[in-house]
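Thanks for coming. Please put the model up, and I will go through the domains, then the sheet, then the cavities.

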Amino acid sequence: MRKLLNKNLDELKKEDIVKIKLVCFDCDGVTVEKGTEIIKETEREIIVTKQISSGLVEKIKELSKYFQISFSSGRSMLYLKKMYGRVLGKGVSLQSEIGLFSLVKGELKQNFVLSDYELGVIKKIRDDLEKLENEKIKGFEPKLFLITLHSWGVIEEVEQIVRKYDYKNEFYCWWNEEAYDIAPKRINKGSALKKLGERLGIKVEEMMTVGNGINDKNMIEQVGVGVSTDGLHLEADFVVEGEHLGGEMVVDKLLELVEGA
Ligand SMILES: [Mg+2]
């Protein structure tokens, strides 16, 4: 693996992106503000999610004239489509549940087929987590296979439950400051990008990725150029500094480089 130098995004030059054909962005905290709320009532559950801003919609449309664009997230495809529907279309694809599914040119594909072992472990973990009583727990985010448990903070029993059933040690249990994501390690944003590249005829070295946390690590390390919008939690070739939404700053920088503005 190449050495990640954490250079300031200002140092990104035109020559760094000459080979780049696809740019993949993470979602929460990168292209939309963080903050999912799960409101539980007796008969219903409400999930409140932030949307991509109108300003960023226009910029992404402009950027898609120069690169294939992808958004990769732990979220379910239904939510992603709701969040990014305004930019979806020619040249813009979505990857959901940490790479398990891809929506490309109107076609949804499952990138990985789960084994009997994996399905069994997912079910047992999920059953145990549902029984877990802890005041920090907010609730589960609806997903097809990925387990996402939102909580107010770290809950030690979550990791213990995963280890109890995953005796082959094939699963990750990632805490992303908002929620736990639990799924087989082989299903990640990096391996999913390879699959996306096969569909689009683009090599991973011709990709640039932008992320901010642990579930973005695989896709940062495997591609041509990796950008982190959170230097504290994720190393990359380039790091965005500042208070503003990091993904939008990367979009601005790319537009400046390709349009010479
Ligand atoms: Mg992230």
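The protein chain divides into domain 1, residues 13-112 + 187-259, and domain 2, residues 116-184. Those bounds come from an automatic or database domain assignment. The C-alpha centres of the two domains lie 24 Å apart. Their contact, meaning heavy atoms within 4.5 Å, takes 20 residues from domain 1 and 18 residues from domain 2.

Some housekeeping. This is a predicted model, where local features need pLDDT of at least 70 and side-chain atom pairs count only at pLDDT 80 or more, while totals for chains, interfaces and linings use all residues. Residues are numbered from 1 along each chain as its sequence is written, and side-chain values use heavy atoms, with hydrogens and water left out.

Now the sheet. Helices (H or I, at least four residues) and strands (E, at least two) are DSSP runs, numbered from the N terminus, and two strands pair if DSSP finds at least two bridges between them. There is an open sheet of nine strands with mixed pairing, in the order E1-E15-E14-E13-E2-E5-E6-E7-E8. At its edges are strand E1 (7-8) and strand E8 (107-110), each pairing on one side only. Strand E13 (residues 207-211) and strand E14 (residues 225-228) pair in the parallel sense over four bridges; Val-210 stands opposite Val-227 in E14.

Helix H5 (residues 189-200) lies across E2, E5, E6, E7, E8 and E13. Relative to E2 (22-26), H5 runs at about 145 degrees. Axes here are lines fitted to C-alpha atoms, for helices over the stretch in contact, and angles run from 0 to 180 degrees between N-to-C directions.

Last, the cavities. On a 1 Å grid over the protein atoms alone, a cavity is a set of points where a 1.4 Å probe fits but cannot get out, and lining residues have an atom within 4 Å of a point. A volume is the space filled by probe spheres set on the points, which are joined across faces, edges and corners.

How many cavities of 30 Å³ or more does the structure hold? Two. The largest has a volume of about 40 Å³, and its lining includes Glu-97, Phe-145 and Ile-187.

Among the residues that line it are Gln-68, Lys-105 and Leu-200.

Key:
1 Å grid on protein atoms, 1.4 Å probe; cavity = no way out; pocket = protein on both sides within 12 Å on 5 of 7 lines; lining within 4 Å.
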